[in-house]
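Colleague: I am new to this structure and would like to learn how to read it. Could we go through it feature by feature?

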Amino acid sequence: MAGSNGIASQDWAGRYDHIDQILNTPGPRTSPAFMAGDGVKDFLRNQAKILVIGAGGLGCEILANLALTGFKDIHVIDMDTIDISNLNRQFLFRPKDVGQPKATVAAEFIMKRVPGIKVTPYFGKIQDKDDEYYMQFNLVICGLDSVEARRWINATLVNLVDPENLESLKPLIDGGTEGFKGQARVILPTITSCYECSLDMLNKPTAFPICTIANTPRLPEHCIEWASVLEWPRVHRDKKMDTDDPDHINWLYTVASARAREFKIEGVTWSLTQGVVKNIIPAIASTNAIIAAACCNEAFKIATSSAAFLNNYFMLIGTEGVYSYTFEHEKRDDCPVCGGESLEMSIGPEITVEELIDMLTEKQDIQIKKPSLSSGSIQIYLQAPPQLEAITRPNLQKKVSELLPTGGEVTVTASTLPFNLSLNITYK
Amino acid sequence: MIKIWSMKKNEDAAAKKKPKVSAAQIRVQKDLTELDLPATMQTNFPDPADLLNFILTITPDEGMYKGGAFVFSFAINSNYPHDPPKVKCTQTIYHPNVDLEGNVCLNILREDWKPVLNLNSVMVGLQYLFLEPNADDPLNKEAAVEMSKARDQFLSNVKSSMRGANIKGVQYANVLVR
Amino acid sequence: MSLTESPEIISAQPDSKTRRYDRQLRLWASSGQTLLEESRILVLSSSATSTSILKNLVLPGIGHFTILDDAITSAADAGNNFFLEGPSSIGKRRASEAVRLLAELNDSVTGEAVTSTPVASVVSSLNFLSKFTLIITHNLPPSQLQTLSDTLWSSPTAPALLAVSSSGFFAEFFIQHHPHPIIESHTETPPSLRIRDPFPALLEHSKSLKLSELDPTEHAHIPYIPILIHARSLVPHDPKTQEEKNAFKTLILSLKFKQDEENFDEAHAQAYRVWTPTSLPSSLTQDIFPHLDTKLAPPAIPGIMHALLTALRRFTEREPHVLPVSPGLPDMKASTETYIHLQRMYKDQFNSDKEMFKSLIPPNPGEIPDDLIETFIRNAHGVQVFVGEQWGAFDKDVNRVGEALVVSPKDTSVHLALRAVREALENSGASEGASANVSAEEIKMHIVGMLPPDTELGEEIDKAIGEITRSPTADLPNTAAMLGGLVAQEAIKMITRQYVPQGGYCIVDCIDMRTGIVGL
């Protein structure tokens, strides 16, 4: 088919014979919105723009799958460089690439292997990019190993949702793996449960009591934590420990080994030392392939409407047979990101902060007591602690319009609210 | 693209727009403004615009540490409350559960931290350490041994350390309330 | 401590191979890695699914792979297979192109393309097939797959078969294997701590504790194991009724000096160990021990493995009918000294049990390395023999198929649709990967033939037929990648003899995004 961006000209006859079997005909469970044939192909191949976050274990797989599926405008962000320990699974990298940025090497490899695909890499942090950047994509797929980065992109995409603009809702597909286990999920920001809603499902990394580490070590891990948590800062003061520096690991290993000998504890090894201080999670190609495929398959179904998509959580445990569980994770009303109430308030330009607070506490439907108000980094009025209350007290007499432009967002917290209330203030 | 918006009920469509504030930030605002501290604990923000870094001073009004003012630094990262706050004692003090580097042995700061806990629980936990030091799971082992084996000596060490004495070659900070 | 102020730094960073494989060695260790590196894999296709599977085996470092496939790369192949180079591969031997690009992934793996031998000529050659550790097929025509399965089933030492089938969003795979012993199953059930049947040293140690005479710090650091055994000596008989159990728990807490003694809280939480019998796992007593002289006799399983299992059976036949002690002790609240002391006791008992175990090994099998015996005893509580059946046996039994359709209609419908589509495609003479139309009527006819007469087909069958006729020959990139992961994962478990592979047909439905098992 003819494309508008010139890329489609590289589509040799028969290139998409496999995928076209799906795109030419609806299945028995396909939604009526499916535009079988040229319509859906044009969207997938010439219009859809997709962002991949992470070019590591999942990211490499995701990029390859998307490219073969026919997504032609792919962007990828990753802040890491290639390490030798990546090569057992991150199959777009070779030994000669060690030290190079993952995003760049992965993008080049895909473009070389799969003709006619544009992959735009960004070697840096997701936090470097603004809303306008994320607005340009139809879909976002995440293959990250960091809770913090996931929380950030999740909150960013939820915040991006503007009821006035249908394009602002970006489905977020998130994958994660650990050894033979993994999960993939579909998040429709503000509609389904979000990443923050499920934060309590996470296994937290093992932490040992600091007094055990200091006084009653029993395990090799206790000796290693003694070296890294107590001895490193004591001996090296402000010098930051770099867990990627083999000299630092050597130091920790030496110190931990000596401690283990002193207490007759067996089992401190270099590899265990590195594993404990870097919190290394085992990772293999096969699990990444399963989870990445699940993510890309959802991206394909969402982008094409060719089949129903995952609602909304797929969990796999491969240690004993192939066990999986597909379920709907429930949205949480008290989720700090997607829960909470939002209120439009139109007030007179003369209204003071104190009057606004009175208006809030008098509102029967929200039952708010002693609210604290802020907007971005501006503290409008905080009820406690005393120092901050005193500092923000003068604001009570100020007009809201002096502190906040029209359309400004106010974050309201109070012990009577499940989490928070967000106010959108406009002036009459 | 799948028609996501058709899934959304009309009444919801009104407004879900959120401010550009991180979940960690809102949570810290919530924790701080709902603090319910006794007179023996006081927070101080060196930079009031920065809610993530502050000081807590504990002035016990009973127990062996009465008369002292103990200062802890709190540092909260952007992954709060998934990660616990980092708390250190800023003074060199003589206490079985605080080492000379200022590390504090309090379970909810490490192994037992969970996101449902909050800053108030941490502060209450810290204050408890001054009322009921625990000699069985110490961080400062010498102090702990003294406490369980020679209680009078321990109490006298506590008193003199609080005045800024030098005990067995360790110079303690004068923490007496001025 | 001057040692730690300026320690003489030991430089012990592992070699580059260990660093490359670090993230997987943390799962299957060097023992698993060695087996992986010794393995030789044969794949009878170079479809997108086949190369996806191979990718996930070459990366972790199998020894060798052979692709046997005489296909010429088509335009469609070049579009859906990452291990072909787009249009420049079209017209070339597909297997040769795939081997070249797969081999790039890992220098230590050798690959070979066999492009001149038709698959039909090897499926009955036990000689050729026996050169490999594992045979993998994808969408092999049913008649050839049946011959291959028969050939491999005929000899107890023939390699395992992993048969994969997929169409569009649906897929399944089946592992055909002879009895497959697994020592390191990585079970999540921990070994017994022998609290109910303490070995003499542990019993002596616990009895000798004068809990009430300890100083408070020591008292707060006695591990929960001796606490429980001690508490047990304080009651006239083991708690049986709920009341007795509650009273026992209260007794434990009453031994506390202070409210916050966590070791007593741990003992309280672990109190059930006192009244839970130290029973032997049924995976040993039912699935292995009774069959050692019959269906598990060599050559069904290797002689060494048989000798170890026989010794284990003999060991458990002795009083007190328990497994040898495992030397690993979980972490528990304790002082370093008491914990290390306890750990020493378990290690000593492990060593003496090991000597006893060794004396029970039948003389025949020859030299058994000491570290294998250690590994075996360490993992005795999780040892399994994975016993399966021949590929297709389930489908030949209409009653089993009929029952499965009632119990799990969704998964069974997908399975039947996949079996039917393979039959239909073979009948139509369509070559693998080429577009072909298959009618719903024909699929339905095949399905009806696999079910008991007059079975009501139901809605799930209709949906599966609708979906399978939509894309009968589609090897979708995402389905291929998913199978690549799932099948490679099972292959790794088979090759390393660690973790537990899946029995029966594993069904994958990429629309609902779920997996299920049929025919177990």
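Colleague: What should I know before I start?

Modeller: This is a predicted model, in which local features need pLDDT of at least 70, side-chain atom pairs count only at pLDDT 80 or more, and totals for chains, interfaces and linings use all residues. Residues are numbered from 1 along each chain as its sequence is written, and chains are lettered from A and ligands numbered from 1 in the order in which they are written.

Colleague: How many helices and strands are there in chain B?

Modeller: Helices (H or I, at least four residues) and strands (E, at least two) are DSSP runs, numbered from the N terminus. Chain B has 4 helices and 6 strands, and from the N terminus on their order is α-β-β-β-β-α-α-α-β-β. Chain C comes to 24 helices and 10 strands. The C-alpha atoms of chain C fill a box of roughly 85 × 65 × 50 Å along the principal axes.

Colleague: What percentage of the residues of chain C count as buried?

Modeller: A residue is buried if 20 or more other C-beta atoms lie within 10 Å of its own, exposed if 12 or fewer, and partly exposed in between, with C-beta atoms placed from the backbone. By that count 48% of the 520 residues of chain C are buried. For chain B, the share is 40% of 178 residues.

Colleague: And how do I read contacts along the sequence?

Modeller: Two residues are in contact if their C-beta atoms, placed from the backbone, lie within 7 Å. Take the contacts in chain C between residues at least 6 apart in sequence: 73% of them join residues at least 24 apart. In chain B, residues 24 or more positions apart account for 51% of the contacts with a separation of 6 or more.

Colleague: Which residue of chain B does UniProt annotate as "active site"?

Modeller: UniProt positions are given in the numbering used here, feature names are shortened, and annotations may be inferred rather than shown by experiment. The unreviewed entry gives C105(B) as "active site". C105(B) sits in the loop between β4 (86-89) and α2 (119-131) of chain B. C105(B) counts as buried because it has 24 C-beta neighbours inside 10 Å. Leaving out residues up to four places away in sequence, C105(B) touches P209(A), I210(A), C211(A), N97(B), D137(B) and L139(B).

Colleague: How many residues of chain B are in contact with chain A?

Modeller: Here 46 residues of chain B meet 57 residues of chain A. The largest share of the chain B side, 7 residues, comes from α1(B). That side divides into 21 nonpolar, 10 polar and 15 charged residues. In this sorting Ala, Val, Leu, Ile, Met, Phe, Trp, Tyr, Cys and Pro count as nonpolar, Asp, Glu, Lys and Arg as charged, and the others, Gly among them, as polar. Between chains C and A, 76 residues of chain C are in contact with 76 residues of chain A. Helix α24 (residues 477-496) gives the most to the chain C side, with 10 residues.

Colleague: Is helix α12 of chain C largely enclosed or open?

Modeller: Helix α12 (residues 224-233) of chain C is largely enclosed by the rest of the structure, because 9 of its 10 residues are buried. The buried residues of α12(C) pack against α10 (200-208), α13 (242-254), α14 (262-269), α15 (272-275) and α18 (336-359) of chain C.

Colleague: Which residues of α14(C) are buried?

Modeller: They are N263(C), F264(C), A267(C) and H268(C). An α-helix has 3.6 residues a turn, so residues three or four places apart point the same way. Among the elements covering the buried residues of α14(C) are α12 and α13 of chain C.

Colleague: How many residues has the largest nonpolar core?

Modeller: A nonpolar core is a set of buried Ala, Val, Leu, Ile, Met, Phe, Trp, Tyr and Cys residues joined through C-beta atoms within 7 Å. The largest has 243 residues, and L162(C) is one of those with the most contacts inside it. Helix α11 (residues 285-304) of chain A gives the most to this core, with 13 residues. Apart from it lies another core of 25 residues, including M305(C) and V385(C).
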